[in-house]
Amino acid sequence: AYVGSSKNRKDRKGRRLLNHDDEWVREGFAQYSANKNTLTFILCAGQALEPLKKIQVSFNITNPDIEQDAVPLFLSALGISADRTETFLIPPQVMAASQDAIFGVLAGASPLKLVIPMFPTRAMGQTNPFATNANVLRLTLAASVALLGADGAEFTISGLVEKKWAVGTVAGAGDNG
């Protein structure tokens with residue numbers, strides 16, 4: 001898969017490879033280490049992070065199917081002097097995390113905070129159990145995420161099996177009316 005000497009390796013397409021943690025990776029890419037829980041970005045040759053110049057890096061992930069609080073994340077770096085004679089380390093430092101709400105989830109913008117959309121409160125009752133009498137079914141619910149009518153959100157009650165009944169007026173009440 002690799003061509004060239006151990007000091008000047010290239011992939012099949014001729015792209016330069018770098019040795020990182022005893023693995024050969026393409027420059028300009030990121031490498032995830034599951035055993036260290038780290039994501040390392042490799043700069044392209046000739047590229048630099050200039051002092052005090054802000055950059056933004058984005059990458060896609062798929063969240064697992066669990067609920068968890070945000071976790072502290074750390075940023076560190078290994079650098080090489082311009083004359084390539086010395087290396088230096090910027091030790092791990094805790095990164096600031098956004099506390100903004102997303103989809104109605106408090107601090108939902110905090111990295112790796114995950115919620116499972118659900119109804120933690122869901123109860124139903126009725127006002128009259130007698131056949132042929134008028135009855136009112138009452139649903140009480142609270143969602144773990146925002147459901148916005150302007151976005152076309154809806155919720156459905158299923159299992160309403162009966163021989164003869166008709167739905168009359170549907171009235172809603174809650175914190176938002």
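Student: Where does N128 lie?

Tutor: This is a predicted model. In it, N128 lies in the loop between β7 (121–126) and β8 (137–142).

Student: Is N128 buried or exposed?

Tutor: Buried. Its relative accessible area is 17%, and the cut-off for buried is under 20%.

Student: Which backbone nitrogen lies 2.8 Å from a polar atom of the N128 side chain?

Tutor: That of F130. On the oxygen side, the backbone oxygen of A134 lies 3.5 Å from a polar atom of the N128 side chain.

Student: And which residues does N128 touch, not counting those up to four places away in sequence?

Tutor: N133, A134 and N135.

Student: New topic. Where is S110?

Tutor: In the loop between β6 (87–94) and β7. S110 counts as buried, because its relative accessibility is 4%.

Student: What does the S110 side chain make a polar contact with?

Tutor: The side chain of Q99, at 3.4 Å.

Student: What else is S110 in contact with, leaving aside neighbours within four places in sequence?

Tutor: A70, A97 and S98, along with Q99.

Student: Switching to β3 and β4. How many bridges join them?

Tutor: Four. β3 covers residues 30–33, β4 covers residues 38–41, and the strands run antiparallel.

Student: Which residue in β4 stands opposite Q31?

Tutor: T40.

Student: How many residues sit between β3 and β4 in the hairpin?

Tutor: Four. N37 is in that turn, and has a positive phi of about 55°.

Notes: Residues numbered from 1 in each chain as written. Predicted model: local features only at pLDDT ≥ 70, side-chain atom pairs only at ≥ 80, totals over all residues. Heavy atoms only, no water. Helix = DSSP H or I, 4+ residues; strand = E, 2+ residues; numbered from the N terminus. Buried < 20%, exposed > 50% of the residue type's maximum accessible area, 1.4 Å probe, protein only. Polar contact = N/O pair within 3.5 Å; in protein donor to acceptor, adjacent residues only side chain to side chain. Contact = heavy atoms within 4.5 Å. Pairing = 2+ DSSP bridges.
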